Amino acid sequence: MSEVTQPVGSSGGATAVVVGGGLAGITAALALADSGVRVTLLEGRPRLGGLAFSFQRGDLTVDNGQHVYLRCCTAYRWFLDRVDGASLAPLQDRLDVPVLDAEGKPGRRLGRIGRTALPVPLHLARSLATYQHLSLAERAKVGRAALALKGLDLADPALDAQNFGSWLAEHGQSERAVEALWDLVGVATLNAVASDASLGLAAMVFKTGLLSDPGAADIGWARVPLGELHDTLARKALDSAGVRTEVRTRVTSISPYENGRWSVQVPGESIEADAVVLAVPQRETHDLLPQGALDAPERLLEIGTAPILNVHVVYDRKVLSRPFFAALGSPVQWVFDRTEASGLREGQYLALSQSAAQDEIDEPVSVLRERYLPELERLLPAARGAEVKDFFVTRERTATFAPTPGVGRLRPGARTEAPGLYLAGSWTATGWPATMESAVRSGVSAAGAALGALGRPRDHLFELFEEAA
Ligand SMILES: Cc1cc2nc3c(=O)[nH]c(=O)nc-3n(C[C@H](O)[C@H](O)[C@H](O)COP(=O)(O)OP(=O)(O)OC[C@H]3O[C@@H](n4cnc5c(N)ncnc54)[C@H](O)[C@@H]3O)c2cc1C
């Protein structure tokens, strides 16, 4: 017979169970605990961090996928501070993206996307004026399209149904401009090419990242394995906040209990709580939702997913002198130096982040090796004489939700029809594409809604992300 337990301790006070220990669930648990709620966090896997994690491969600590964030990701930056990890994932002082064109003429292969300290949109003017991967005419047209994008009203729901690729074409963007600029940024942030993306989500990314504040698109990334931030440090913060965290604990069902409370079933135990935050992917949410909790639960299954592939190469020597670069004229998209973070002592470890990887996600390693090693030699002359000590790939088939036109109407908010039951996850209605920022925002939003219903005070965190909460 299963045992019924309270989330934490046995004294009075509001209780909550958070299901799913990705960034959304960790955030919801911390935000609830910080407001005095007794929280249990349940995660099916042996670790926290969900889709952004690390694993060991011999002596190498490997991230399942390179992750970056931007200065405008205020919620994820709050998260980093809250787990005491901000110094381990610093931001660039100023946006600077080296862009290498594999097919560029010698001496003209390297372009840069950067910014100055001037006000928006002048902060990008110099970079655009000197961006040598586009012709003068293309650069002028990019400037005009950027201003048109800036004028779009993100609150207009009609934008979500429109296609970003068609909008770019209507605004005079050549194929080259789409490849060398719009997709260079868009594929990495949306996980889709422009022709597969919602104008609403794309406009949100470009307006917030490039056209809101001069420093908004400065890039940050972890200089340590992701697991150190999202598992080790997160666990420490949860423990200090008094959250009971159980890993290897898969929730099998959630049902109404007595007096408006909820019962969460895990093997061998039922946990009773005043509020439940379901912070699992959309398909798992669909399967766990009690009847009547959403008006049209089948819509969750209409939210598509998109893959990301990471190609990992360990060389016997240093072949890249920059921390990262983006590539054009090559299947290679973004390349990061992970040597230090991985603990590699000799040689250099590069991770290639390949987004919107529908065509490659199931390719055998041998095919990917034949494709990517020569490409890296084309881009990095120093790789030509280097020995490849290790080559492997990580595949995330459901890395993000697919940001297709119309996806916005399928994304539910934090509140459900069932009082006391809330949803979180980067796929919920945060207005952001599936990012760490979206995950953290969704966790804040769900915790805010739960605290409101429990009659608990909400601290300044919720004001910070007013629109999310
Ligand atoms: C390869 C890759 C690269 C990426 N790059 C970036 C990037 O550069 N920048 C960026 O911002 N974002 C990036 N993302 C996206 C980002 O990682 C995700 O949006 C974010 O981590 C999602 O967090 P989440 O908490 O919403 O969901 P998840 O991470 O999916 O967490 C859900 C958790 O619920 C658990 N769970 C599921 N079912 C149950 C159950 N029944 N009981 C208990 N637990 C359960 C799962 O095990 C999981 O841990 C990338 C993702 C991938 C995969």
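Figure 1. A nitrogen atom of the ligand is placed 3.2 Å from an N or O atom in the side chain of Arg-250. A nitrogen atom of the ligand also lies 2.8 Å from a polar backbone atom of Val-68, and an oxygen atom of the ligand is 2.8 Å from a polar backbone atom of Ser-426. The protein buries 94% of the 1000 Å² that the ligand exposes when taken alone; these areas come from the Shrake-Rupley method with a 1.4 Å probe. A polar contact is a pair of N or O atoms within 3.5 Å. The model is predicted, with local features requiring pLDDT of at least 70 and side-chain atom pairs counted only at pLDDT 80 or more, whereas totals for chains, interfaces and linings use all residues. Residues are numbered from 1 along each chain as its sequence is written, and side-chain values use heavy atoms, with hydrogens and water left out.

**Figure 2. The shell around the ligand.** The ligand is surrounded by 33 residues, each having a heavy atom within 4 Å of it. The closest are Glu-43, Leu-51, His-67, Ser-426 and Met-436. By class, the shell comprises 16 nonpolar, 12 polar and five charged residues; Ala, Val, Leu, Ile, Met, Phe, Trp, Tyr, Cys and Pro count as nonpolar, Asp, Glu, Lys and Arg as charged, and the others, Gly among them, as polar. Domain 1 (3-51 + 226-303 + 407-468) and domain 2 (54-90 + 220-224 + 304-401) both contribute residues to this shell, so the ligand lies between them. The domain bounds come from an automatic or database domain assignment.

**Figure 3. The cis peptide bond at Pro-121.** The peptide bond from Val-120 to Pro-121 is cis, with omega near 0°. Pro-121 belongs to the loop between β8 (110-114) and α3 (125-129). Helices (H or I, at least four residues) and strands (E, at least two) are DSSP runs, numbered from the N terminus. Most peptide bonds are trans, and most residues other than glycine have a negative phi.

**Figure 4. Positive phi at Asn-259.** Phi of Asn-259 is near 55°, a positive value in a residue other than glycine. The loop between β11 (253-256) and β12 (262-266) holds Asn-259. This residue is exposed, with a relative accessible area of 76%; exposed means over 50%, buried under 20% and partly exposed in between (1.4 Å probe, protein chains only).

**Figure 5. Positive phi at Ala-356.** Ala-356, a residue other than glycine, has a positive phi near 45°. Ala-356 sits in the loop between β18 (348-354) and α12 (365-379). With a relative accessible area of 22%, Ala-356 is partly exposed.

Technical notes. Polar contact = N/O pair within 3.5 Å; in protein donor to acceptor, adjacent residues only side chain to side chain.
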